[in-house]
Amino acid sequence: MKPVNIASERITILIAVAVRLYRDGLAGALNAQQHLRITGTAATSLEAKAAATNAGPDVVIVDVSLDDAVGLMRSLRAECPQSRILAFAVQDDITTILNYAEAGADGFVTANGSVSELVEAIERTAAGELLCSPRVAAQLLRRAAHQPSRSAESVAGRGLTGREGQVFSLLK
């Protein structure tokens, strides 16, 4: 995935939210930003997948209450690898975040955020940054610290090249 240079390009966005009023409100608020362009909206996972395949947006905002949001994220990751996925209206807890991260989400925004926080999340996600709250990042680091150590050899045996295994061992 090529990160978007947000200083020089407009960020294209697809909004996948089931509730029309909510979807239209997001589209209106985001269209007011000169550096953002809405390429489409979708009310279902099926519509979102088709729209993403056609438009190839930089960022797909997926409301997690959408029908089969996890399946949609997995499909988008496989079929639209150039698009970043921003999971929207996520509870700020580690289990929920991990579920969406495993499904392919690149960033997370809670429903209590402001429009400016959503715009920042879109910009950062489009730029290739993985995005979650500092509290969740701390929980993830604590969880990783308590995981059993893996050797480079055991990781290399799972599909990494020899060089990737070496790099992995340096990261421990």
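Okay, quick housekeeping. Residues count from 1 along each chain as its sequence is written, and side-chain values use heavy atoms, with hydrogens and water left out. Since we're on a predicted model, local features need pLDDT of at least 70, side-chain atom pairs count only at pLDDT 80 or more, and totals for chains, interfaces and linings use all residues.

So, β4. That's residues 84-88; strands here are DSSP runs of E, at least two residues, and helices are runs of H or I, at least four, numbered from the N terminus. Five of its five residues are buried, where buried is under 20% relative accessible area, exposed is over 50%, and partly exposed is in between, with a 1.4 Å probe and protein chains only. Arg-84, Leu-86 and Phe-88 sit on one side, Ile-85 and Ala-87 on the other, and both faces are covered.

Who are the neighbours? Pairing needs at least two DSSP bridges between two strands. β3, residues 59-63, runs parallel to β4 over five bridges, with Val-62 partnered by Ala-87. β5, residues 107-109, is also parallel to β4, over three bridges, and there Leu-86 stands opposite Gly-107.

Now the connections. β3, helix α3 (residues 69-79) and β4 form a right-handed β-α-β unit: with the strands pointing away from you, the path from the first strand over the helix to the second runs clockwise. β4, helix α4 (residues 94-103) and β5 make a right-handed unit too.

One last thing: in the loop between β3 and α3 you'll find Asp-68. Its phi is near 50°, positive in a residue other than glycine, and Asp-68 is exposed, at 53% relative accessible area.
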